[in-house]
Amino acid sequence: MGNRILSIILPAKNEAEGLRGTLPALRVAYPEAEIIVVDDGSTDDTARVAADAGARVLSSPYSMGNGAAIKRGARAASGEVLVFMDADGQHGAGHVRALLDKLDEGYDMVVGARDRSGQANLHRGLANGFYNRLASWMTGHRIADLTSGFRAVRADKFKEFLHLLPNGFSYPTTSTMAFFRSAYPVAYVPIPVAKRVGNGSHIRPFKDGVRFLLIIFKIASLYSPLKLFAPTAAAFFLAALGWYGYTFATQGRLTNMSTLLFSAAVIVFLIGLISEQITNLTYRRDG
């Protein structure tokens, strides 16, 4: 990546154990890089371990969420290229090079894509597979791992979307969809994922799974609303048409249910049109 400044950002909440192994390896592999640990309200020795390892530490007095930590780190970073990686030992220093090499091919974002063995459990793997297919359909591009937090980005491009990123854990989803929406090239590099060190996962399977699904639809509507609303309106219209045909044939009249379904089809379609205009205004800097 030439002489460009590299900033490596690790959001961390009670990740002292993982940082003890991750930070020394990063410092050896990238001695000139700016390493930032964003301590998200940890109650263990995360901040001390990071400082002892020579990292720049940004501490929060209380936990604000993974996305908030990513935003704080990105704002503070001075690098032209940002690398985001977990602090729990799942991502190795040796795999950063693969992301940077791919970035040098002309991409604006490169994501470390996990295979099935890299998923926390079967349910998580199935859910992520669904998200990947849904997002691929929305964008028209193959998305190999929508929720991977291990990624390298060009700082100027990434900072355009900081206002869109949620404070929770879904920053990978949001940033990926925003890059595709803005026609910034995105690539995926297969990476192995090591077993988590120390602290357990912060993700709660059921509650966060529902939230993940809601976020996918939110991002889908932000990316291309008519792709979501138009099929829904069509489904209402076909249901209305079918019910009207049945009731007309059996009762010879237009029922209230048919009228309600026809109205729903029109309303949903109009909401889609308005949302499409809002999306265009959100990305007004595209022009």
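**Talking through a predicted model**

Student: Where in the chain is confidence lowest, and where is it highest?

Tutor: Confidence is lowest in helix H8 (residues 205–223), with a mean of 66, and highest in E4, at 97. The score is pLDDT, the predictor's confidence in each residue, from 0 to 100. Helices (H or I, at least four residues) and strands (E, at least two) are DSSP runs numbered from the N terminus.

Student: What does the chain average?

Tutor: A pLDDT of 86, and 86% of the residues score at least 70. Where pLDDT is low, the predicted coordinates should not be read in detail. This is a predicted model, in which local features need pLDDT of at least 70 and side-chain atom pairs count only at pLDDT 80 or more, while totals for chains, interfaces and linings use all residues. Residues are numbered from 1 along each chain as its sequence is written, and side-chain values use heavy atoms, leaving out hydrogens and water.

Student: How many helices and strands are there?

Tutor: Ten helices and seven strands. Of the 287 residues in the chain, 47% are buried. Buried means under 20% relative accessible area, exposed over 50%, and partly exposed in between (1.4 Å probe, protein chains only).

Student: Which residues have the most contacts inside the largest nonpolar core?

Tutor: Leu82, Phe84, Phe158 and Tyr188, in a core of 36 residues. Such a core is a set of buried Ala, Val, Leu, Ile, Met, Phe, Trp, Tyr and Cys residues joined through side-chain atoms within 4.5 Å. Elements that each supply at least two residues include strand E2 (34–39), helix H3 (66–76), strand E4 (81–84) and helix H7 (171–181). H7 gives the largest share, five residues.

Student: What does Tyr188 touch?

Tutor: Leaving out residues up to four places away in sequence, Tyr188 touches Val111, Ala113, Arg142, Ile143, Ala144, Asp145, Thr176 and Phe180. Contact means heavy atoms within 4.5 Å. Another core, of 31 residues, lies apart from the largest one; Ala12, Tyr30, Val49 and Leu100 are among its members.

Student: Changing topic, how many aromatic pairs are there?

Tutor: A search of the whole structure finds nine. One of them is Phe84 with Tyr171, edge-to-face, at 5.7 Å centre to centre and 65° between the planes. Rings of Phe, Tyr and Trp (its six-membered ring) pair if their centres lie within 6.5 Å; planes under 30 degrees apart count as stacked, over 60 as edge-to-face and the rest as tilted.

Student: What does the pair of Phe84 and Tyr171 tie together?

Tutor: Phe84 lies in strand E4 and Tyr171 in helix H7, so the pair ties together parts that are 87 residues apart in sequence. Phe84 and Tyr171 are both buried. With Phe158 they form one aromatic cluster.

Student: Is Met64 buried or partly exposed?

Tutor: Partly exposed, because its relative accessible area is 34%. Met64 sits in the loop between strand E3 (56–59) and H3. Apart from neighbours within four places in sequence, Met64 contacts Asp40 and Asn167. Met64 and Asn167 are 103 residues apart in sequence but 6.7 Å apart in space, C-alpha to C-alpha.

Student: Last one: which residues of H1 are buried?

Tutor: Ala16, Gly18, Leu19, Thr22, Leu23 and Leu26. They pack against strand E1 (6–12), E2, helix H2 (46–52) and helix H4 (96–103).
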